[in-house]
Number of protein chains: 2
Amino acid sequence: MSRAVGPVPGAVRADDLGAFCAAVFEAAGVPAKVARIVADSLVCADLRGVDSHGVLRLPIYLRRVAEKMIDVAAEPRIERDEGATVRIDGGNNFGAYVGQRALEVALDRAGRHGVACVGVRASNHFGTAAYFAEQATAIGLAAMVMSNASQTMPPTGGLRPFIGTNPLAIAFPTREGAPFLLDMATSHVARGKILSAAKKGDSIPLGWAIDKAGRPTTDAQAALDGAVLPVGGAKGSGLSMAIDILSGVLTGAGYGPHIRNMYEDWNEPQNVGHFFFVLDISRFLPLAMFTERLADYVALLRAEPKADGFSEILYAGEHEHRLAQARRANGIVLPPALIEELSALGAGKGIAWPASIPGAPGNGKVAAKV
Amino acid sequence: MSRAVGPVPGAVRADDLGAFCAAVFEAAGVPAKVARIVADSLVCADLRGVDSHGVLRLPIYLRRVAEKMIDVAAEPRIERDEGATVRIDGGNNFGAYVGQRALEVALDRAGRHGVACVGVRASNHFGTAAYFAEQATAIGLAAMVMSNASQTMPPTGGLRPFIGTNPLAIAFPTREGAPFLLDMATSHVARGKILSAAKKGDSIPLGWAIDKAGRPTTDAQAALDGAVLPVGGAKGSGLSMAIDILSGVLTGAGYGPHIRNMYEDWNEPQNVGHFFFVLDISRFLPLAMFTERLADYVALLRAEPKADGFSEILYAGEHEHRLAQARRANGIVLPPALIEELSALGAGKGIAWPASIPGAPGNGKVAAKV
């Protein structure tokens, strides 16, 4: 029995997937340099196993462009420059592109001043914060990256969404292997994980979210209509607000209800804000000494007795780094429904879905070549 | 029936309590300027309702001094100065004193450069992080204050304590009322809260901690012998490690198991590290515009529908600020057992326990004057 003709639901190369996304963006009128960065950011998330921030977002990003909710031609502009502190107007381009430009300013200024803070307004959903934080660690710098987001969580004491699941990434370079890279939403789980579950038709654990009426729920779709809960109650609620204040109140971006929902608001741009903090470690101690001390820390951690069900203890970002290495080598396997959706999007613009990798894991039964 | 002669277990004035603590420290050989700051820090915690970091710590602080685990004569020293980034050797004086000196450097440098990062090594338990963060907001600056601490929590995947409940404070000035001041331990609850419960003989909720054998427990004492758990699992675990890296690995202080326990290690100084980040808001937008935007945020928050059991929605630090105002007006009520312990300590040095406030709440039945 032969399979129906269509895209092969097998593993594809990360670079091919990125090229596909970039080509689709370009066909939608996105300049090549912008398209490349946004595609890179999406594929970075899929490589790291953060599927919720991966190419899954391509359709909504494209729709935002089509509805003129994103200005793909805008160049982010420094509107206040004080050396170690910079405020940037993102011009309402893609969050990943605006963030990338802002990060580059932050990296440059941290090199000059030892520490830099760059605040950004008039931006959009910037994808996974790890995309930016990792670039800082690659050149030996430490980074803290945050963004606000549209309302998805009730604050402690509140009944309905008021704050976003505002992400926070903190990253440090290491001597070898994965950088230390904590990339967390301030919710119990990232809203994107519930989105993933809803797409797959999976249920979610109790405690992740409440439904529209404020009741605890295991139904992913009901949770999307309701609200995810902050991590650790008042702690996550306060942390999310602190990120909102740095990313939004301080920068001139939206905050709380002033940030528009990417999926629901088609009248005005999102006005998301970001905050980048970059630190030059070598102003405190030689980088080699820092990474040696961090390697000692990690060695001590690894030597600890393990809890039931754990064969090793990992530091933040290590699991995602391993996944990324494996997926870069073996390709990225996407859910068939997503492949169908994306390849249809590509086909409409004359862009072919990438060939799957012969014999790669997940490609055991390769269908007839289309 | 008359009460036994002894200290009156009634409310005492915050200033009197601070003066008592400072006098006790001075009698133990602590220089006046150091004694005053450490006493201020302890009373600040009691005022804010963070009893776990309040004068409850006086006995252990004194014992650390008596055992020469703290060098009360040491002056913190800038050992690396790059302008916006500074590394300080605390000289093993009290954490509150070392922290205060470091904060003052950070405030000064943030004023000059817009942002400043000050890392500190060779310090000790610095009390409540709010003590420092609040001072930044009082002069219109934003602050992030963190410290590492001796091992009390297992990392995700680990079985026994490896990381501390490393606190993080993030604070912003407001137009009126309480500053926004999130001051959180990276545990489900601060270890000090379990210490408080153990002192009172109270049980603790399930999920706060595990016992020595790794089993969930409601016994506060068993929890102290075991381990508190990070907030939100891997998120709190990663956040605690990030704070340890900034406070310890980066500064030259201890980290993980290299930090000695204040209660258990009598051979060597703790070598705690701190990290102060101060930001000059006015480099981004005029302070009045920032506080106006923040006031709008808070007004929107307050207008939200309330969850069951809440009559209002507060932002981080608001509850503690109200408590502090009430306690400054009406006095601080300490548990009788603690008053007994502290007044005995004072009596041994010829320092009288402060007179309780006549007619203050908690002083309804005033015992015969001693």
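Two residues are in contact here if their C-beta atoms, placed from the backbone, lie within 7 Å. Keep that cut-off at hand for the tour. The model is predicted, so local features need pLDDT of at least 70 and side-chain atom pairs count only at pLDDT 80 or more, while totals for chains, interfaces and linings use all residues. Residues are numbered from 1 along each chain as its sequence is written, and chains are lettered from A and ligands numbered from 1 in the order in which they are written.

**Stop 1: chain A as a whole**

Select chain A and switch to a cartoon view. There are eleven helices and nine strands in chain A; helices (H or I, at least four residues) and strands (E, at least two) are DSSP runs, numbered from the N terminus. The C-alpha trace of chain A spans about 65 × 50 × 45 Å along its principal axes. Its radius of gyration is 21 Å, which agrees with the value near 21 Å for a compact globule of 370 residues. That radius is taken over C-alpha atoms, and the globule rule is 2.2 Å times the number of residues to the power 0.38.

**Stop 2: where the chains meet**

Now show both chains. 60 residues of chain A are in contact with 60 residues of chain B. On the chain A side, pick out helix H8 (234-249), one of the elements that each supply at least two residues. H8(A) gives the largest share, eight residues. Colour this side of chain A by class and you will find 37 nonpolar, 14 polar and nine charged residues. Here Ala, Val, Leu, Ile, Met, Phe, Trp, Tyr, Cys and Pro count as nonpolar, Asp, Glu, Lys and Arg as charged, and the others, Gly among them, as polar.

**Stop 3: two domains of chain A**

Next, select 14-66 + 332-347 as domain 1 of chain A and 77-187 + 230-283 as domain 2; the bounds come from an automatic or database domain assignment. Their C-alpha centres lie 22 Å apart. Twelve residues from domain 1 and eleven residues from domain 2 make the contact. Which element gives the largest share of the domain 1 side? It is H2(A), with seven residues.

**Stop 4: a helix pair in chain B**

Finally, select residues 95-113 (H4) and 130-138 (H5) of chain B, whose axes come within 10 Å and cross at roughly 25°. That makes H4(B) roughly parallel to H5(B), a term for angles under 35 degrees. Axes are lines fitted to C-alpha atoms, for helices over the stretch in contact, and angles run from 0 to 180 degrees between N-to-C directions. Show side chains for Ala96(B), Gly99(B), Leu103(B) and Leu107(B) of H4(B), which meet Tyr131(B), Phe132(B), Gln135(B) and Ala136(B) of H5(B).

Conventions:
Angles under 35 degrees count as roughly parallel, over 145 as roughly antiparallel, 65 to 115 as roughly perpendicular and the rest as oblique.
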